[in-house]
Amino acid sequence: MRVLVVEDETRLASTLQDLLELNGYTADVCHDGEAGLDNAATGIYDVVILDVMLPKMDGFTVLRRLRQEKNATPVLLLTARSEVSDRVEGLDLGADYYLTKPFEPKELLACVRALTRRQPELRDADALSYGDLKLDRASFALSCGDRSVRLSRKEFDMMELLMRNREMVITKESLLVKIWGYESDAEDNNVEVYISFLRRKLAHLRSQVRIKTIRMVGYCLESQES
Ligand code: CA
């Protein structure tokens with residue numbers, strides 16, 4: 001799971017990053033609202049922790065823009081302000097939760113867990129389905145009817161992302177970052193190679209689902225079933 005922390009107090013930001021990483025999350029940090037919006041808008045995060053008082057663009061504006069772009073990433077607003085009207089404004093704008101500073105690390109972790117649970121595709125722990133396909137998280141098996149193939153770890157991660165996003169286009173960059181991480185030196189053609197592995201497996205399964213290439217942008221799933 002990948003968490004974005006948008007917080008201008010550098011000490012608090014790195015404390016949050018450490019806390020999240022100690023608890024098994026991958027955490028990226030940015031220190032102003034504009035960078036926060038750019039990063040959050042990529043859609044690669046499972047949760048965004050967003051401070052309200054930020055340089056360049058405040059948290060409310062970041063949140064409003066995200067929701068205007070139909071980005072539904074769960075957002076946890078963080079603020080020193082505890083006025084009821086602020087909280088109401090944040091929730092009205094589409095925040096999923098509101099935490100007032102100072103807060104207990106435990107409380108923050110509980111919020112992050114609650115927000116990731118809330119995503120329906122993550123709630124169903126065992127199987128994910130799209131069209132005639134089923135992806136089993138426990139066995140890494142992709143199946144169609146009575147045919148089934150085992151996926152490698154990276155193929156699985158990629159298929160899971162495609163299936164979670166369904167007909168929405170995922171950019172090559174998102175796939176690259178989500179699967180190989182920011183630090184990696186993997187390139188676009190790594191994505192192409194894995195997409196071709198998956199296409200071969202879909203053909204083998206005789207699935208009606210195809211991975212469509214949107215030129216210069218990325219990929220999405222398409223089911224031929226009417
Ligand atoms: Ca701040």
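I began with the polar contacts between domain 1 and domain 2 and found three residue pairs, both residues at pLDDT 80 or more, where a polar contact is a pair of N or O atoms within 3.5 Å, one able to donate a hydrogen and the other to accept it within protein, and residues adjacent in sequence count only if both atoms are side-chain atoms. By class, I noted two nonpolar, three polar and four charged residues on the side of domain 1 that touches domain 2.

I keep in mind that this is a predicted model, in which local features need pLDDT of at least 70 and side-chain atom pairs count only at pLDDT 80 or more, while totals for chains, interfaces and linings use all residues. Residues are numbered from 1 along each chain as its sequence is written, and side-chain values use heavy atoms, with hydrogens and water left out.

I then looked up the salt bridges (a side-chain nitrogen of Lys or Arg within 4 Å of a carboxyl oxygen of Asp or Glu) and found two between domain 1 and domain 2. I also recorded a salt bridge between Lys-178 and Asp-46, whose closest N and O atoms are 3.6 Å apart.

For the bounds, which come from an automatic or database domain assignment, I have 2-121 for domain 1 and 127-223 for domain 2, with their C-alpha centres 28 Å apart.

Last, I turned to the calcium ion, whose protein donors (N, O and S atoms within 3.2 Å for Ca, water not being among the atoms, so the site may look incomplete) are Asp-8 (OD), Asp-51 (OD) and Met-53 (O), at 2.1 to 2.3 Å. In sequence I read the spacing of these donor residues as D-x42-D-x1-M.

Methods
Donors are N, O and S atoms within 2.8 Å of the metal (3.2 Å for Na, K and Ca); water is not among the atoms, so sites may look incomplete. Ala, Val, Leu, Ile, Met, Phe, Trp, Tyr, Cys and Pro count as nonpolar, Asp, Glu, Lys and Arg as charged, and the others, Gly among them, as polar.
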